[in-house]
Amino acid sequence: MNETMIQYFHWYSEGDSKLWKEAEQNAKYLAGLGITSVWFPPAYKGATGGHSIGYDAYDLYDLGEFDQKGTIPTKYGTKEDYLKAIKALKENNIKVIVDIVLGHKGGGDELETFKALKVDEENREKIISDEIEIQSYTKFTFPGRNKKYSEFEWNFTCFSGVDYAEGMDSQIFKIKNEYGTDWEEMIDDEKGNYDYLMYNDVEHRNPFVREELNNWAKWYFDETDFDGVRLDALKHISFDFYKEWLTLLRSNTGKNIFAVGEYWAPGYLNLLQKYIDVTEGCMSLFDSSLQNSFHTASNEGNSYDLRRIFDESLTQADPLHSVSLVDNHDTQPLQDLEAPVEEWFKPLAYALILLRKDGYPCVFYPDLYGAHYVDKDKEGNDQEIFLNKVDGIEELLKARKNNAYGEQRDYFEDANCLGWVREGDEEHSGCAVVLSNKDAYEKPMEMGERYIGQTFYDALGRFEDKITIDENGWGNFPVPAGNVSVWLAE
């Protein structure tokens, strides 16, 4: 069966402890669509308690179990709700991918005093102060958990930088500790060194920190029996750390844990490939370059040459390490990395990731369910956003589940109209796909001798008329203007 992931949340997912229960209720529905893996948001208590999306990680051991940061449940529910959702998904043969945030911590419990240096925010290698003494919330004692599961307490030696100093303006401060005043090594020189992202930046060179994070990973697996991990913000974490962390996780659990990392570098395929190389292929990466091409194509309309849609994409260059996507929580409207794919193009984009042989596609929650939210724009004004369910998304998913198999033949000769066929295999009949960003077209394509005389219908309902495959195994497959059609054998 074709593997298909869903990101089962978005930046504005409804709170009030509902998400885990909803996932439990929807497990059977997702399985019916061919979803084989669910990527859940960070499940542990964040610095902002019940409002936390999870990326401001506070206590990794609190999965909605302890009264901390003003709440017992997380935004998504209690630990009991979480485990029930995982159980329901597994009973429907759906794997669980957990979100791992090990680059920073927020919401420290106590102030500590230590020495630090101010750095330039645009060039973190540039020191702009003498050594100074500051106070910051770098002491984490987790009083609500009272040392259950782990007695480890975090202090300033566990961090390489902070963005808060008591009584001072917000700046980035490099902590002076026994590991020196250099940031950890990154693979690129963006902002001089982009080790620091936010909050208290974890010092992965501290052997006690590494040991604690390795122990926690085994604990998390024992509690939940997860099948895969999504690794947050790789651009800001030592590549050596995750290479070791994944090796130990797989060894200690006896399970070949799937891993996909977020190295967001749209348009920079070379950086994605470099990261895969330095980590010795131990994880897949999200194809940020392809997502950016979808965004561009959707905005340029019929002036975009569809024949180059996969150029400089990880899906084309290294499909075995690519997780392809159309949008995610960072690219959705009003987010810092906002680069949404326009609504008209989304069915085309999903056809390109779901119905072709390369890449491991990831569906975005609002594209399956829709979403409505309000947030501030860059000028500070309230903006109301409506994201509609993608037209035909369920049919596209079912076509992937049932028909996107076998040899692939591409018909990419036209700048405004792409087509391809999948021949099918011994267990599945194939499909023919045509998409256009301009006019209505008819695309002659070869389905193969096994389909001679068979009729094909448009699974997306764009056309009522059917296509009969001729004596040579060919058919003329139409597509409406600016749309996609998917043809299946009756």
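This is a predicted model: local features need pLDDT of at least 70, side-chain atom pairs count only at pLDDT 80 or more; totals for chains, interfaces and linings use all residues.
Good morning. The side chain of Arg124 comes to 2.8 Å from the backbone oxygen of Tyr196.

Is Arg124 buried or exposed? Arg124 is buried, yet it has no salt bridge. Its nearest side chain of opposite charge belongs to Glu121, 5.5 Å away, and a salt bridge is counted only within 4 Å. Leaving aside residues up to four places away in sequence, Arg124 touches Val119, Ile172, Trp183, Lys191, Gly192, Asn193, Tyr194 and Tyr196.

I turn now to the sheet. Strands S7 and S8 belong to an open sheet of six strands, in the order S6-S11-S9-S10-S7-S8, with antiparallel pairing. The edges are strand S6, at 104–105, and strand S8, at 132–139, each of which pairs on one side only. S6 is joined by two bridges to strand S11, residues 200–202, and the two run antiparallel. In S11, Asp201 is the bridge partner of His104.

My last topic is helix H5. Within this helix, residues 269–278, the buried positions include Leu269, Leu271, Leu272, Tyr275 and Ile276. Why do these residues lie on the same side of H5? They do so because they cover an arc of only 165 degrees around the axis. The buried residues of H5 pack against helix H4 (239–253), strand S14 (284–286), helix H6 (288–300) and helix H7 (314–317). Just after H5, Glu280 adopts a positive phi of about 55 degrees.

Thank you for your attention.

Key
Residues are numbered from 1 along each chain as its sequence is written. Side-chain values use heavy atoms; hydrogens and water are left out. Two strands pair if DSSP finds at least two bridges between them. Helices (H or I, at least four residues) and strands (E, at least two) are DSSP runs, numbered from the N terminus. Buried means under 20% relative accessible area, exposed over 50%, partly exposed in between (1.4 Å probe, protein chains only). Lys and Arg count as positive and Asp and Glu as negative; His and the chain ends are not counted. A polar contact is a pair of N or O atoms within 3.5 Å; within protein, one must be able to donate a hydrogen and the other to accept it, and residues adjacent in sequence count only if both atoms are side-chain atoms. Contact means heavy atoms within 4.5 Å. The arc is that of the directions from the helix axis to the C-beta atoms.
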